[in-house]
Amino acid sequence: MSFWSAPGWPAVLADGQVMLRPYRRSDAAGWAEVRRANEAWLAPWESSPPGPWAEVNSPSAFRYVFRDQQRSARRGESMPFAVCLNGRLVGHINLGTIVRRAFCSAFVGYWVDSRVAGKGVIPTAMALAVDHAFGPGGLHRVEVNIRPENKPSRRVVEKLGFREEAYHPRYMHIDGGWRDHIGYALTAEDVAADGGLLARWHRVRATS
C-alpha cells in the first residue's frame, strides 16, 4: 500500500481544455480570487464556515482547506480535485464521504466560477470524476444532493443522465436555514453501455 490509502488517488484527469488535478499549496491565491469573485453565485448553495465570505475564502484560509483535503484523501475518505480550464483554476469537484466494502459509494460536490458557467466545464469535470470513480477509484455508486432551487446545478446532473431518486426535507443547514435537497445517483451499470459517462456526455453535446 502506498502513502495514499485509497485506490485511484492521486490522479490527474483531462478532456480537451478541462483538467482535474489534486490541489497544490500554490493554489491559494487563485482559489481565493475565484471564491471571492463568486460570493453571490456560490454563497446561497454552500454550507460555509461562519465569518465574512472574504475572510473564510482568503489565501490564508486555503491553508486549512488544503490541509483538511490532504488528510481526508490520505484516509481514503475523499478525492478532491481542482477543476482547471486552460490551466487556470475555475472550480472544484470532490468525491467525498467514500464508503468501501459492500457499499462502494461516494457523494459528489462541486462548484464553478460563474465566468465560465455554461461552457460545459462542470459537466465534463463530473463525467471525468465519475468515470474515474467507477474505474481506478473502485466505486460502484455516486450520489449528488442539490437544492431544488439550484436549477443550474440540477441541469448539470440531468444532462448527464443522473437518476432522480429521492427528496430530502430539511437535509442540510445552508444560508441560514435547513434546506430541502433532491437526491440524484448513478451506478457503474448505468453508464457501462455508453462506454462511460464521458462518452455519454460527448454524445449529448454533439446532439444539443
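Helices (H or I, at least four residues) and strands (E, at least two) here are DSSP runs, numbered from the N terminus. Before I go on, this is a predicted model, so to speak of local features we need pLDDT of at least 70, side-chain atom pairs count only at pLDDT 80 or more, and totals for chains, interfaces and linings use all residues. Residues are numbered from 1 along each chain as its sequence is written, and side-chain values use heavy atoms, with hydrogens and water left out.

Back to the strands. β1 (residues 13–15) runs antiparallel to β2, with three bridges joining them; two strands pair if DSSP finds at least two bridges between them. Asp-15 has Val-18 in β2 as its bridge partner. β2 also pairs with β3 (residues 79–85), antiparallel again, over four bridges, and there Met-19 partners Cys-84.

Now α1. Which of its residues are buried? Ala-28, Trp-31, Ala-32, Val-34 and Arg-35, where buried means under 20% relative accessible area, exposed over 50%, and partly exposed in between (1.4 Å probe, protein chains only). Looking down the axis of α1, these fall within an arc of 165°, so they line one face of the helix; the arc is taken from the directions from the helix axis to the C-beta atoms. Arg-35 also has its charged end over the ring of Trp-111, 4.9 Å from the centre. That label needs NZ of Lys or CZ of Arg within 6 Å of the ring centre and within 35 degrees of the ring normal.

On to the aromatics. Rings of Phe, Tyr and Trp (its six-membered ring) pair if their centres lie within 6.5 Å; planes under 30 degrees apart are stacked, over 60 edge-to-face, and the rest tilted. That gives four aromatic pairs. For Tyr-23 and Phe-62, the centres are 6.0 Å apart and the planes at 50°, so this pair is tilted. The two are 39 residues apart, with Tyr-23 in the loop between β2 and α1 and Phe-62 in α4 (residues 59–74). Ring pairs link Tyr-23, Trp-31, Phe-62 and Phe-66 into a cluster.

Last, the cores: sets of buried Ala, Val, Leu, Ile, Met, Phe, Trp, Tyr and Cys residues joined through side-chain atoms within 4.5 Å. The largest has 44 residues, with Leu-20 and Ile-93 among those with the most contacts inside it. Helix α5 (residues 121–134) gives the largest share, ten residues. A second, separate core of 13 residues includes Trp-31 and Trp-53.
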